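Dear colleague,

Here is the structure I said I would pass on. My notes follow it.

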Amino acid sequence: VADLRLPPTLTPLFAGLPRRVEVDAATVAEAIAGLEAKWPGVSDRLCEPGPVLRQHIHVYVDRRRAALETPLEPSSRVDVIAAISGG
Amino acid sequence: VRDLESGGEDVSRTLLLVGTRKGCFVLESDADRRDWSVRGPYCESWPVYHAVHDAGSGAIYAAAASEWHGSAVWRSADLGETWALSSEGLGYGEDDPRKVSKVSSLGVAGERVLVGAEAPGVFESRDGGETWSLLTTLAGQPGSEAWDDPSNQPPGHLGISGITTDAADPSRFWAIVQGVGLFETGDGGETWTPRNRGLRADWPREHEEVGFCVHRLARSPADGERMYQQNHVGVHRSDDGGRSWFEITDGLPSEFGFAAAAHPHDPDIFYVIPLDPGHARCMPDGRAAVWRTRNGGESWERLDRGLPQHDAHLGVLRAAMTTDAHDVPGLYFGTSTGQLFASVDEGESWSELAAYLPPVWSVEVAVVE
């Protein structure tokens, strides 16, 4: 299973959503769909119509920048980053 | 609200709903409105463009857009203590090139909650904000082909920047398309009519009926035919529910401004905050003032007692001034540098309720038991 790490801006929006989640998924899109099944609405916070990742949501699979279709290995680490700076 | 058991004392609570760049705040006082407490930030400190109270259900709604997590409407059933958000249905669909980059203007029309979006569209909720559906994009109105073109959608432009509802008729409301003009529907959003006749525009326009820059519409609660607006160029008045307009700018220090508020009981009293129209968009000369007319715009008076009169370069945005409905109404405005000012004597004198809020984008008031 992949080790999914979520940004601190996301978890307060969904009761019980932890910062680290283990998901059984073959792609980033499947991993997000897995979250959506358990925490409805999560997908809309990470993706916009297309679907594509929201502009300032960056996903890294095993430390490489990824897209929704990026494949996951069974032991992949997936970092989801809220990725703009500013005050 | 009069509590007869306590000798007729007014026991109502006055709440200010303040939308800021860092969340929604709630300020609370009693009917005297002298001492205020501040609660917040709510909505996880998302940028909140507008927050309103639905007197019918008692709910608060807050239109918000996170740079990370997109647009949503937050709702609270307990006057701000707890919140939930939803964006279900807040979109134009997978195959539509238009995107909802922001939801920024709320209105309550009977059982429906309305929210205006950018790109321009009005979404409605009939279940208290749990789900949303597209009500209208004002398709076919003059100018819509231009505002529906995604290449004309720079961030921060061309949304529905204001919705004004009619307490007496939930099927009637007005929507402002930013940089295009004011539109009215009388059938719940199915058909629309431009309401810009008589307005001024100092730029070329392609259509006779649109191309106007309406910043803020204020409809008199005492006379629904009486409307005022702060426009990019001038302050204007209508005596026929927006069907025709004439200018009442003479006597003001600037024709430019954003915020506007109508007196709740007297249709001839109206407030604006003139701003420097250049890059500053602040109150002129570093001296803070609200301007009032008591005769429908024939003359204006400067109200500044209690407001800072030097080095006060304050801006006030379109939704950031409002009145309450008390017998002697209160007037409130928030600044883009985070100050919140109030007057409880119709503007004669002012006090600062908060000095260090985030940039204020909207101020609305609720009087509850």
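Strand β10 (residues 102-109) of chain B is joined by seven bridges to strand β11 (residues 112-118) of chain B, and the two run antiparallel. Strands are DSSP runs of E, at least two residues long, and helices are runs of H or I of at least four, numbered from the N terminus; two strands pair if DSSP finds at least two bridges between them. B:S105 has B:G116 in β11(B) as its bridge partner. Two residues lie between the strands of this hairpin, where B:G110 has a positive phi near 65°. Seven of the eight residues of β10(B) are buried, so the strand is largely enclosed by the rest of the structure. Buried means under 20% relative accessible area (1.4 Å probe, protein chains only).

The model is predicted: local features need pLDDT of at least 70, side-chain atom pairs count only at pLDDT 80 or more, and totals for chains, interfaces and linings use all residues. Residues are numbered from 1 along each chain as its sequence is written, chains are lettered from A and ligands numbered from 1 in the order in which they are written, and side-chain values use heavy atoms, leaving out hydrogens and water.

As for the whole of chain B, it has one helix and 30 strands. Its radius of gyration is 19 Å, close to the 21 Å from the globule rule for 369 residues, so chain B is as compact as a globular protein of that length. The radius is taken over C-alpha atoms, and the rule is 2.2 Å times the number of residues to the power 0.38. Of the 369 residues, 58% count as buried.

Regards

Terms used
Buried means under 20% relative accessible area, exposed over 50%, partly exposed in between (1.4 Å probe, protein chains only).
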